[in-house]
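Colleague: Could you walk me through the terms you use for this one? I'd like to see each set beside its definition.

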Amino acid sequence: MKYEGMIFRPPSEADSLILQVSVGCSYNRCTFCGAYRGKIFRIKSFEEIKEDIDEASSYRSRIQRVFLADGDALTLPQKELLRILDYLKVKLNRLERVGIYANSKDILGKDVEELRELKRLGVGIIYLGLESGNREVLKRIRKNATVDQLIRAGRRVKESEILLSVTVILGLGGTRSSQAHAEDTGKVLSEMDPDFVGALSLMVVPGTPIEREIEMGKLILPTPFGLIQELETMIGHCHFTRCFFASNHASNYLPLRIRMPEEKEEALRRIRQVLLRKDPALLRPEFLRGL
Ligand code: SF4
């Protein structure tokens, strides 16, 4: 497989074949994100992608899941995506699900029927970065999307019946917007009603604009218990039909896996106990945290 640069994928795609169909992120300007900073965005040619699929099919015939990288592979023109999905189906006869990262503009650039077309050819899950449901925070991190666009994008995925997994980031509002960020994010998540939510904690990547904001004192990060307070507020404002909410990413101080709505109250009780005791021994140690 001819990967260019570092490859990122969601934790739930750990066993998937990673197929790099584009390089980098077509936007690449969120202030906290260092994932694709060194990469100049391009869409790979079908010949390059075909070579990788041929190679994978020749030695890994049992592949059941494929994840299309890099940052927002849904930005590919519909025709290109269909061609890739078609070829995957031909070459990988055990293929069950294709996953893909997307931003709100990629999703809103396709209508529901186009998303359904992708679903028919194997796309089973779309990973969307919400990061925050707070308007000010979205502006400050230069997310390039409004709350309304993000909600519409999430709902459109749901309408197409592709699974929707949404990422949010604790700490992104700093101490000043901490509670507003947590509350609004919970509310926006509820409006999207996703199938999965992954909560991360902000890890400052060297060289990113957000690092400079912190150095200049413009953004003050919440303490570890401040982040857990955000988690409590966010979950308290989440009302889902059926969702798996996880804060077990390596960046978090308090890893939880919650089936909502049935396990929500129990999870809140547990978080409140941790907040009451404020015992650092209850948290994931700093040296075990990572991106
Ligand atoms: S967070 Fe997503 S959209 Fe923003 S720069 Fe990173 S990959 Fe691109």
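Modeller: Gladly! Buried means under 20% relative accessible area, exposed over 50%, and partly exposed in between, with a 1.4 Å probe and protein chains only. This is a predicted model, where local features need pLDDT of at least 70, side-chain atom pairs count only at pLDDT 80 or more, and totals for chains, interfaces and linings use all residues. Residues are numbered from 1 along each chain as its sequence is written, and side-chain values use heavy atoms, leaving out hydrogens and water.

Colleague: Which residues of helix α4 are called buried?

Modeller: In α4 (residues 112–120), Val-112, Leu-115 and Leu-118 are buried; helices are DSSP runs of H or I with at least four residues, strands runs of E with at least two, numbered from the N terminus.

Colleague: What puts them on the same side of α4?

Modeller: Their arc around the axis is only 115°, so they share one side of α4; the arc is taken from the directions from the helix axis to the C-beta atoms.

Colleague: What covers the buried residues of α4?

Modeller: The cover includes α2 (78–91), α3 (104–108), β6 and α6 (147–160), contact being heavy atoms within 4.5 Å.

Colleague: What makes β7 and β8 a pair?

Modeller: Two strands pair if DSSP finds at least two bridges between them. Six bridges join β7 (residues 163–170) to β8 (residues 196–201), so they pair, and they run parallel. Val-166 has Val-197 in β8 as its bridge partner.

Colleague: And why is one side of β1 and of β10 left without a neighbour in the sheet?

Modeller: The open sheet has eight strands in the order β1-β4-β5-β6-β7-β8-β9-β10, with mixed pairing. β1 (17–20) and β10 (257–260) stand at its edges with a single partner strand each, so one side of each has no neighbour in the sheet.
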